Amino acid sequence: MNLNLSILLGDMGVDFITVERNTQLANLPKAHYLNQRTMEILRQHGVADDIYAMGTPPGNMSRAMWLTTLGGDGPFDRKVIFEMDGIGGTGDSQRAIYDRDSPCRSANLPLIRSEPIFRRHADARAPDRLRFGHEMRSFTQDTDGVTATICALETGEEFEVRAKYLVGADGGRSIGKTLNNKMVGPSGLAKNVTVHFTADLSKVLLDDRVMLHFFVHPTRRGPLASGALVPAGGDDAKWGRHSKEWIFHFMVAPDDPTRFDEPTVIQQIRELLKLPDLEMDVHKISHWMIEAVLAEKYRVGRVLMAGDSVHRHPPASGLGLNTGIQDAHNLAWKLALVTRGQAGDGLLDSYEPERRPIGSFNVAWALSSYWNHLLSAASIFAIHPANVYEAVGQPDEDNEISGLFAKTPDGRMRRARMNEVFMTHRIEMFDHDVELGFVYEQGAIVPDGTPTPDRDPWGGDYRPTTRPGHRLPHAWLEMGGRRRSTHDLLDDQASLLLIANAGGQAWCDAASAVAKDLNISLRSARIAPDGDALDTDHTWATRSQVGDSGAVLVRPDGMVAWRASSIGSDPAAELRSALTNILSR
């Protein structure tokens, strides 16, 4: 997240230093899923195309599959238990829905490949501001700023940096502890072992469209009876079945004493997949605890915290990195305007009430998505009324798996029941509203008194709205003969945006006058045949939710701050009042 914040601050002209104790970039292919909202942010700042160019082609991430094994010659080996469309709107059933609501598609690119892209962009925007191999040893804060002691680890040389604000994105390892900012929530729930390796699986995988493979071994039980396989690409840019590198995850009890070294994980993967002769070149083994924790505070004085220093998630739904990048997006424009003197320090007070509820929701959602895999496994092997042996405490494991695939009325019922349970994985694969529909109920917004819209409890049904606190709805417009999104009306330099409908020229005039009066960057666009953009398919006319003379004020991070349904008697005064409220002027 440090690199993403560096990109945003660099674009916005903020003077900063990024301190990173490591000298190398990520060495594990984690955090691979980048959702639509994150890709919108990266698109706004000119990074998205590089991610798409290197990432998984949509066709190779459009399915998810649960199966028994990849090898073996037993009666229940190489069996597909369930399959569904892939994460992020890439499958046939969801693609049109996701395409309707955003100018961006989701992407898949592990951090070992995305982080060099982020660093290249950060270096280009702010040369010499990234200090790798440096560590912050201590800091103090006062009413005017923060003083940090930085150490160059190679030489041991120490120096001081004085800044107006400090942003902590260190995983809570030092800054949060110094501030006694406690992480609340369950931790140590399970131990996850992640293995990054090279292997040729092209001849045993069943479908080139599948990105997420979940394995449930037909006879083994317990923590070592399941795992997940994800392609990690490679330097040959191949994906799908022909991916050169892979990630394999399996979960064990938090107190499992097993030493999962290279020989052990190779044996484990070979046994789970039933590929005893699989040739594997292991690059990295990582052990980490599953937790779902949230920091008590996001701001302490002049210290603001973001990313995994304030929220840590289970991996399901891919919300960790995405939530962190969205923290940075919320924070960057506020730091830019405050340090420019265009907003009061109170604007930064809006960061916690806006982002902490989102962090809390996303942590809980990820945890539910993660445990849902146990629910689906139970739907395969749980006690069945017809199985007398299980009912009296004498499990019949052969009956468990053979009964599932049996061509009998009981087998058909068990499969139907299982399929019903497995479809609940839509909270992980199709959480469209979780990704786009989050709302800031308080913060740097001017509420208009309308009630919070009901949200889909399954997280899928996203309903665009310009209600203050919500993301600017996407609609395609025609500008200069080109097809552009409403999101393209935003710039990357922390400018606010006023969008007026056809009869709202007075709002645009007011915006120009108020921007000059307040000395802020406020752009305006009128959507009309004789205006700045043309609503050719009339989508914006519906999604703007204001009248012909109405207007919508959008923050630099693409969130609606204020709206007016029509022109009042003094539009300049009304707009000025809204802006001084939002900017804590």
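This is a predicted model: local features need pLDDT of at least 70, side-chain atom pairs count only at pLDDT 80 or more; totals for chains, interfaces and linings use all residues.
Reader: Let's start with helix packing. What describes two packed helices?

Author: Two packed helices are described by the angle between their axes and the distance between the axes. Take H1 (residues 2-11) and H8 (residues 319-340): their axes come within 9 Å and cross at roughly 30°. Angles under 35 degrees count as roughly parallel, so H1 is roughly parallel to H8. The crossing of this pair, H1 and H8, is right-handed.

Reader: Which residues of H1 and H8 make the contact?

Author: On the H1 side, look for Asn4, Leu5, Leu8 and Leu9; H8 contributes Ile325, Ala328, His329, Ala332 and Leu335. By class, the contact of H1 with H8 has 7 nonpolar and 2 polar residues, and no charged ones.

Reader: Now for another pair. At what angle do H15 and H17 pack?

Author: The angle between H15 and H17 is about 50°, and their axes are 9 Å apart. That angle makes H15 oblique to H17. H15 passes H17 in a right-handed crossing.

Reader: And which residues in H15 and H17 meet?

Author: From H15 come Ala506, Trp507, Ala510, Ala511, Val514, Asp517 and Leu518, and they meet Pro571, Ala572, Glu574, Leu575, Arg576, Leu579 and Thr580 in H17. The contact of H15 with H17 divides into 10 nonpolar residues, 1 polar and 3 charged.

Reader: Let's stay with H17. How does its end-to-end distance compare with the span it should have?

Author: The expected span is 1.5 Å times one less than the number of residues. H17 (residues 571-582) has 12 residues and should therefore span 16 Å; its end C-alpha atoms are 16 Å apart, in agreement.

Reader: Which residues of H17 are buried, and what do they pack against?

Author: Pro571, Leu575, Ala578, Leu579, Thr580 and Ile582 are the buried ones. The buried residues of H17 pack against helix H15 (505-518) and against strands E23 (496-500), E24 (522-526), E25 (551-554) and E26 (560-564).

Definitions and conventions: Residues are numbered from 1 along each chain as its sequence is written. Side-chain values use heavy atoms; hydrogens and water are left out. Helices (H or I, at least four residues) and strands (E, at least two) are DSSP runs, numbered from the N terminus. Buried means under 20% relative accessible area, exposed over 50%, partly exposed in between (1.4 Å probe, protein chains only). Contact means heavy atoms within 4.5 Å. Axes are lines fitted to C-alpha atoms, for helices over the stretch in contact, and angles run from 0 to 180 degrees between N-to-C directions. Angles under 35 degrees count as roughly parallel, over 145 as roughly antiparallel, 65 to 115 as roughly perpendicular and the rest as oblique. A crossing is left-handed if the near helix is turned anticlockwise from the far one by less than a right angle, and right-handed if clockwise. Ala, Val, Leu, Ile, Met, Phe, Trp, Tyr, Cys and Pro count as nonpolar, Asp, Glu, Lys and Arg as charged, and the others, Gly among them, as polar.
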